[in-house]
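Please read these points with the model open beside you.

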Amino acid sequence: MKIIIIRFLQLLYRIWFYLLMSIPIVILFPILLILTVSEKLYPLFFWIARNIWANFVLYGMFLFPSIKRHQEIEKGESYMLIGNHISMLDILMMLKVSKNPFVFVGKKELAKIPIFGFFYKRVCILVDRSSAKSRTAVYKSAQRRLKQGLSICIFPEGGVPDDLNIVLDEFKEGAFRLAIEHQIPIVPVVFLDNKKRFSYEFFSGSPGRTRAIVMKFLNTHGLKSSDATQIKLHARQAIYDHLS
């Protein structure tokens, strides 16, 4: 009986999450639509996503962000943000990490989520990981946004591992090659509680603190594309050490 009650509460919690995600988007729909007409307006869209949408969902779920920073993100600078990926909360928490506008590179499947997906596909860089042509297009789109002075966020695992027992999957090199090419710092972020608070496993989740650690940035100045593998392995090990 106890298990049934817990499962029922977790089901309600998950439904509540999707309601909270949708409510601000529906209310602000006309404004958000205008802000997606031109890429020049994206910083305003980002401000709303970070300061209104993310806060509304997190605090509405009784989730309380706690961010420890080993180094501060400087206003007006471009970065490559990376992090471990195990939850929808990763998107919300990454928005809390950086005041500097950044663009997510994410899987195209999320565009199918009702309401959220409508704007997701308009402002994010979508990737079909099964298509080499798509990956090339993503690379070019990310280059364009970096030249506009924005930052980029990529979850280098390439998605959420099918096996939820995996602590941290292997990293792909795209984010690191892009960071080296544009000589921008890599910002490793560790999400410590998102898997526990709201994993992709349907019957899961609970209110509480959601901690993130912004680690010391990885400098790419003077590095070449051939250094991508080494810095990728270094970044993964640094994140893994905090999770294990």
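1. Conventions. Contact means heavy atoms within 4.5 Å. The model is predicted: local features need pLDDT of at least 70, side-chain atom pairs count only at pLDDT 80 or more, and totals for chains, interfaces and linings use all residues. Residues are numbered from 1 along each chain as its sequence is written, and side-chain values use heavy atoms, with hydrogens and water left out.

2. E173. This residue sits in the loop between β5 (151-154) and α7 (174-182). Helices (H or I, at least four residues) and strands (E, at least two) are DSSP runs, numbered from the N terminus. Neighbours within four places in sequence aside, E173 is in contact with A228, T229 and K232. E173 is buried, at a relative accessible area of 19%. The scale is: buried under 20% relative accessible area, exposed over 50%, partly exposed in between (1.4 Å probe, protein chains only).

3. Overall form. The chain has nine helices and seven strands. A compact globule of 244 residues would have a radius of gyration near 18 Å, and the chain agrees, at 18 Å. That radius is taken over C-alpha atoms; the globule rule is 2.2 Å times the number of residues to the power 0.38. The C-alpha trace spans about 60 × 45 × 35 Å along its principal axes.

4. Burial and surface. Of the 244 residues, 50% are buried. Among contacts in the chain with a separation of 6 or more, 74% join residues 24 or more positions apart. The chain exposes about 12,500 Å², and carbon and sulfur atoms supply 60% of that area. Accessible areas come from the Shrake-Rupley method with a 1.4 Å probe; for residues, only the protein chains shown count as cover.

5. Helix α1. It covers residues 2-27, 26 residues in total. From first C-alpha to last it reaches 38 Å, close to the 38 Å expected at 1.5 Å a residue. The expected span is 1.5 Å times one less than the number of residues. Buried residues of α1 include Y13, R14, F17, L20 and M21. What do the buried residues of α1 pack against? Their partners are α2 (29-35), α3, β1 (63-69), α4 (89-97), α5 and α8 (194-198).

6. F45 lies in helix α3 (residues 42-60) and F119 in helix α5 (residues 116-123), so the pair ties together parts 74 residues apart in sequence. Both F45 and F119 are buried. The criteria: rings of Phe, Tyr and Trp (its six-membered ring) pair if their centres lie within 6.5 Å; planes under 30 degrees apart count as stacked, over 60 as edge-to-face and the rest as tilted.

7. Cluster and charges. One aromatic cluster is formed by F29, Y42, F45, F46, F102, F104, F118, F119 and F155. The charged end of R145 sits over the ring of Y42, 5.3 Å from its centre. R14 lies over the face of F202, at 5.5 Å from the ring centre. The test is NZ of Lys or CZ of Arg within 6 Å of the ring centre and within 35 degrees of the ring normal.

8. I67. This residue is in strand β1. The C-alpha atoms of I67 and L192 are separated by 10 Å, though 125 residues apart along the chain.

9. K121. Its place is in helix α5. At 48% relative accessibility, K121 counts as partly exposed. Neighbours within four places aside, K121 is in contact with A111 and L126. The C-alpha atoms of K121 and E109, 12 residues apart along the chain, are separated by 9.7 Å.

10. Backbone. Most residues other than glycine have a negative phi. F62 has a positive phi, near 60°. F62 lies in the loop between α3 and β1 and is exposed, at 52%. Phi of Q183 is also positive, near 55°. Q183 lies in the loop between α7 and β6 (186-191) and counts as partly exposed, at 34% relative accessibility.
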